[in-house]
Amino acid sequence: MSDPRTNERIRVPEVRLVGPAGEQIGVVRIEAALRLAQEADLDLVEVAPNSKPPVVKIMDYGKFKYEAAQKDKEARRNQANTILKEVRFRLKIEAHDYTTKLKRAEGFLKAGDKVKAMILFRGREQSRPEQGVRLLRKFAEDVAELGTVESNPTIDGRNMVMIVAPLKSKSEAKQEQNAVRDAQRAANKQAAREAKSDTDVPAEAPAE
């Protein structure tokens with residue numbers, strides 16, 4: 001993606017101007033827009049070149065590019081750190097086995113990892129794919145608070161698979177885990193201080 005036109009590179013007679021705080025200034029001559037940007041010691045950046053007239057915004061373009069690069073870097077890091085975890089089901093799975101695998105999948109999603117839910121068909125079970133779809137849809141509903149379906153159920157050889165992506169990125173999940181851990185440590189320290197203060201209270205002297 002090419003960089004947007006800025007300042008004197010914007011060669012149109014009129015523009016729709018947006019101020020530095022996002023306020024709509026309206027359609028003005030390009031000369032007036034450039035003057036306002038210069039007076040604010042900022043840049044004039046073309047943000048919607050295909051509009052008629054083009055939309056431009058007064059901003060700190062250097063800061064804008066830096067923040068955009070940081071967001072892109074963070075997105076790439078989250079994508080690289082995301083791991084695809086696998087959870088396998090049998091079509092005729094017992095309730096307690098399903099619960100165990102569900103909790104495992106929830107742990108993966110809480111950690112910011114994707115989950116590949118797989119149903120292993122045996123024998124004639126392959127002739128009943130609709131049952132596999134129902135099971136995977138139930139699984140998707142059960143983890144809906146933590147993840148969203150990225151890839152709908154599909155047949156993969158003798159198996160059926162579905163991909164569920166976490167609602168929180170790897171870094172967000174890590175931050176949340178750290179916050180919970182820090183809160184627990186603080187609570188433990190407070191409890192220890194209160195216990196110590198209780199033992200330090202002097203006993204009342206016996207009445208004479």
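**A sheet and its helices**

Tutor: Val 149 stands opposite Val 164 in S8. This is a predicted model, where local features need pLDDT of at least 70 and side-chain atom pairs count only at pLDDT 80 or more, while totals for chains, interfaces and linings use all residues. Residues are numbered from 1 along each chain as its sequence is written, and side-chain values use heavy atoms, leaving out hydrogens and water.

Helices (H or I, at least four residues) and strands (E, at least two) are DSSP runs, numbered from the N terminus. S7 and S8 pair in the antiparallel sense over seven bridges; pairing requires at least two DSSP bridges between two strands. They belong to an open sheet of four strands, ordered S5-S6-S8-S7 with mixed pairing. S5 and S7 stand at the edges with a single partner strand each, so one side of each has no neighbour in the sheet. From one strand to the next, the twist averages 20 degrees.

H3 packs on the sheet, touching S5, S6, S7 and S8, and its direction makes about 170 degrees with that of S5. Contact means heavy atoms within 4.5 Å; axes are lines fitted to C-alpha atoms, for helices over the stretch in contact, with angles from 0 to 180 degrees between N-to-C directions. H4 lies across S5, S6, S7 and S8, at about 15 degrees to S8.

Within H3, Tyr 98, Leu 102, Ala 105, Phe 108 and Leu 109 are buried (under 20% relative accessible area; exposed is over 50%, partly exposed in between, with a 1.4 Å probe and protein chains only). They share one side of H3 because their arc around the axis is only 115 degrees, taken from the directions from the helix axis to the C-beta atoms. On the other side of H3, His 96, Lys 103 and Lys 110 are exposed.
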